[in-house]
Amino acid sequence: MVEVRPLAPAEFERLCADMPLRARTQHWANLNRQQSGELLYLIAWEGERAVGHVLLFWRPAHDPVATLADCPWVIDLLVHPEWRSRGVGSALLRACEEAALARDQTRIGLGVAVGNVRAHALYERLGYRHTGLADQRMTGVWEDASGTTHIWEDTVTYLIKSLAPTT
Ligand SMILES: CC(C)(COP(=O)(O)OP(=O)(O)OC[C@H]1O[C@@H](n2cnc3c(N)ncnc32)[C@H](O)[C@@H]1OP(=O)(O)O)[C@@H](O)C(=O)NCCC(=O)NCCS
């Protein structure tokens with residue numbers, strides 16, 4: 001059973017070792033953005049091993065289309081390949097939703113590449129629905145732990161979920 005919690009500074013080295021699909025500089029930037037209050041950097045732990053992560057931005061200010069949906073925004077959901085199909089992605093998304101609810105937010109949103117069938121199915125299963133926003137062609141850059149830069153270009157569709165308090 002995974003435990004999901006915001007990254008603590010003392011856990012940084014462990015995260016870098018376990019999740020090399022993102023560069024150390026990227027993990028570090030995310031930790032700093034969490035400490036500034038811009039986002040939560042939620043990590044899934046299986047015992048002492050980090051097996052997945054997700055960013056929950058409190059406002060989607062870095063994405064011009066997403067700003068139309070004024071709600072917390074899920075970015076870069078990633079589960080280590082060896083740990084997929086075991087509920088880790090679902091646990092990370094549920095942790096995002098609980099954190100948003102704890103801040104009295106009533107909706108949560110995300111963008112997903114239209115060709116990412118598996119992620120799309122996961123979001124649908126958990127109740128994420130189309131926003132009505134137009135799909136957008138987007139490009140970006142990410143760096144892995146070996147320092148290799150990856151350029152991506154994709155059509156992204158926007159999904160949103162209404163959060164009902166569980167009382
Ligand atoms: C998309 C992603 C985050 C999903 O993570 P995950 O941990 O595999 O997700 P879950 O296990 O919660 O759910 C996915 C599947 O596992 C199944 N599952 C969930 N819990 C399970 C369990 N305890 N035992 C077996 N299967 C389970 C689900 O039914 C679902 O079925 P599927 O295999 O047909 O898709 C992961 O595949 C990933 O990191 N992909 C690359 C990055 C990416 O695309 N991120 C999304 C960007 S928008």
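**Notes on the predicted model**

1. Tyr158 counts as buried, with 23 C-beta neighbours inside 10 Å. Here, buried means that 20 or more other C-beta atoms lie within 10 Å of the residue's own, exposed means 12 or fewer, and partly exposed is in between, with C-beta atoms placed from the backbone. Tyr158 sits in strand S8.

2. Residues are numbered from 1 along each chain as its sequence is written. Helices (H or I, at least four residues) and strands (E, at least two) are DSSP runs, numbered from the N terminus.

3. Now to the core. The largest nonpolar core has 35 residues, and those touching the most other members are Val4, Leu42, Ile43, Ala44, Val74, Leu92 and Cys96. Such a core is a set of buried Ala, Val, Leu, Ile, Met, Phe, Trp, Tyr and Cys residues joined through C-beta atoms within 7 Å. At least two residues of this core come from each of S2 (39-46), S3 (49-57), S4, H3, S5 (107-113) and S8 (149-162). H3 gives the most, seven residues. As a general background, nonpolar side chains in soluble globular proteins tend to be buried together.

4. Leu92 is worth a look in the viewer. Setting aside neighbours within four places in sequence, Leu92 is in contact with Val4, Leu42, Ala44, Gly52, Val54 and Leu77. Contact means that the C-beta atoms of two residues, placed from the backbone, lie within 7 Å.

5. S4 has pairing partners in both senses. With S3 the pairing is antiparallel, over five bridges, and Leu55 has Ile75 in S4 as its bridge partner. With S5 the pairing is parallel, over two bridges, and Val74 stands opposite Leu110 in S5. The chain crosses from S4 through H3 to S5, a β-α-β crossover that is right-handed. Two strands are taken to pair if DSSP finds at least two bridges between them. Right-handed means that, with the strands pointing away from the viewer, the path from the first strand over the helix to the second runs clockwise.

6. Next, the ligand. It is surrounded by 16 residues, the closest being Arg84, Gly87, Val88, Gly89 and Ser90. Two or more residues of this shell come from each of S4 (73-79), H3 (88-102) and H4 (117-125), with H4 giving the largest share, four residues. The shell has eight nonpolar, five polar and three charged residues. In this scheme Ala, Val, Leu, Ile, Met, Phe, Trp, Tyr, Cys and Pro are nonpolar, Asp, Glu, Lys and Arg are charged, and the others, Gly among them, are polar.

7. Please check two backbone angles. Asp76 is not a glycine, yet its phi is positive, about 55°. Asp76 lies in S4 and is partly exposed, with 13 C-beta neighbours inside 10 Å. Ser85, also a residue other than glycine, has a positive phi near 65°. Ser85 is in the loop between S4 and H3 and is exposed, with 8 other C-beta atoms within 10 Å.

Definitions and conventions:
Predicted model: local features only at pLDDT ≥ 70, side-chain atom pairs only at ≥ 80, totals over all residues. Near = placed C-beta within 6 Å.
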